Amino acid sequence: MNAILLAMTGMEPETWVARLKALDPDRDVRAWPEVGNPQEIAYAMAWKPETGALDGLTNLKAVFSLGAGVDALLAIDGLPDVPLVRVVDPDLTMRMSEFVVLNVLLHHRHMLRALDDQRARRWEPRDQPAASSVRVGILGLGELGLDAARKLTMMGFQVAGWSRSARQCAGIATYSGEAGLKQLLGRTDILVVLLPLTPATTGIIDAALLRGLAQDGALGAPVLINAGRGGLQNEADVLAALDDGTLLAASLDVFVTEPLPETSPFWTHPKVIVTPHVGADSDPEALARYLMGQVHRFEAGEGLANVVDRAAGY
């Protein structure tokens, strides 16, 4: 029996069972810890599963992430040695691009300062640079990064991107490797981070990286937008850069500890916009269609798309 096991934290399993059953009424869909006979489980769909939730599934064929990232699943001791599949969905991609464009425009148009002026009842128009004079750098040129880069390019920004290995994208300057990262940072006014969290990227947003950003841009100082993973940023270094003027401002959607503790200085920092990890908060119905479509194609002999390279971490 090709049953599906849902193993999730922070989601409503009963609702997910109903979504998947609506797409495949004859499918046996179970929610952990109600595993039943573990030998009947062929697919696991997981998001931060409880310890041991995937143990003993001897006939498992694939594990599907219920989110865009797979770092939490890769961190599981004894993760079953079967294909691990990440989400690549047009709805998720569009939502992330919306978030990136929104925040780039917000800082480009100095909206933090405008809101401060409003609270002070201060009418003080200021010069506004053209988009064509603002340089956006994107760390991470996967599906999400490339889509955001294309949309920002259409709006007139000077867009460049960086990835670990070389990639090409028409109309967008691309960099790779350690030397390429330094080059990208040096020509960046607004840095957008969409990297996966891996051992190589943990803490990559640190004091040295932030000091490498351009200080001669049209905005007066660089801006950080992190919508990737909280573990990418050294939060003490980000705060120090905001306080000493290395950074003009930051939009942070992700944090090392989530939910963000009430004591975090990010909540009240005048140069920071905090959002609760919603940059690519995709439509659950669209995600369910993606997951069940993957299962159906696999059972038809077409294989699985978007399988994670475990060595690379994404």
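Helices and strands here are DSSP runs, numbered from the N terminus; a helix has at least four residues and a strand at least two. With that in hand, let's walk through this structure, which is a predicted model.

**The overall chain**

The chain has nine helices and twelve strands. Its radius of gyration is 21 Å, close to the 20 Å that the globule rule gives for 314 residues, so the chain is as compact as a globular protein of that length. The C-alpha trace spans about 65 × 40 × 30 Å along its principal axes. Buried residues account for 49% of the 314 residues. Among the contacts with a separation of 6 or more, 63% are between residues 24 or more positions apart.

**Nonpolar cores**

In soluble globular proteins, nonpolar side chains tend to be buried together. Here the largest nonpolar core holds 50 residues, and the members that touch the most others are Met45, Val104, Val136, Ile138, Leu152, Ile190 and Val192. Take Leu152 as an example: leaving out residues up to four places away in sequence, Leu152 touches Val100, Val101, Val104, Val136, Ile138, Phe157 and Val159. Another core, of 27 residues, lies apart from it and includes Leu191, Val193, Leu239 and Leu242.

Leu185 sits in helix H6, residues 177–186. Is Leu185 buried or exposed? Its relative accessibility is 6%, under the 20% cut-off, so Leu185 counts as buried. Beyond its neighbours within four places in sequence, Leu185 is in contact with Leu191, Leu209, Gly212, Leu213 and Ala214. Leu185 and Leu247 are 62 residues apart along the chain, and their C-alpha atoms are separated by 13 Å.

**The second largest pocket**

This pocket has a volume of about 330 Å³. It is lined by 17 residues, and the closest to its centre are Leu112, Arg113, Leu248, Ala249 and Pro270. Helix H3 (90–108), helix H4 (111–119) and strand S12 (272–274) each give two or more residues to the lining. Which of them gives the largest share? The answer is H4, with six residues. By type, the lining divides into ten nonpolar, three polar and four charged residues.

**Loops to look at**

His110 is in the loop between H3 and H4, while Arg121 is in the loop between H4 and strand S6 (135–139). His110 is buried, with a relative accessible area of 15%, whereas Arg121, at 83% relative accessibility, counts as exposed.

Asn234 belongs to the loop between strand S10 (223–226) and helix H8 (235–244). With 30% relative accessibility, Asn234 counts as partly exposed. Setting aside neighbours within four places in sequence, Asn234 is in contact with Ile205 and Asp206. From C-alpha to C-alpha, Asn234 and Val136 are 21 Å apart in space, and they are 98 residues apart in sequence.

Pro259 is in the loop between strand S11 (249–252) and S12.

Note on methods. Residues are numbered from 1 along each chain as its sequence is written. This is a predicted model: local features need pLDDT of at least 70, side-chain atom pairs count only at pLDDT 80 or more; totals for chains, interfaces and linings use all residues. Side-chain values use heavy atoms; hydrogens and water are left out. On a 1 Å grid over the protein atoms alone, a cavity is a set of points where a 1.4 Å probe fits but cannot get out, and a pocket is an open set with protein on both sides within 12 Å along at least five of seven lines; lining residues have an atom within 4 Å of a point. Grid points are joined across faces, edges and corners, and a volume is the space filled by probe spheres set on the points. Ala, Val, Leu, Ile, Met, Phe, Trp, Tyr, Cys and Pro count as nonpolar, Asp, Glu, Lys and Arg as charged, and the others, Gly among them, as polar. A nonpolar core is a set of buried Ala, Val, Leu, Ile, Met, Phe, Trp, Tyr and Cys residues joined through side-chain atoms within 4.5 Å. Buried means under 20% relative accessible area, exposed over 50%, partly exposed in between (1.4 Å probe, protein chains only). Contact means heavy atoms within 4.5 Å. The radius of gyration is taken over C-alpha atoms; the globule rule is 2.2 Å times the number of residues to the power 0.38.
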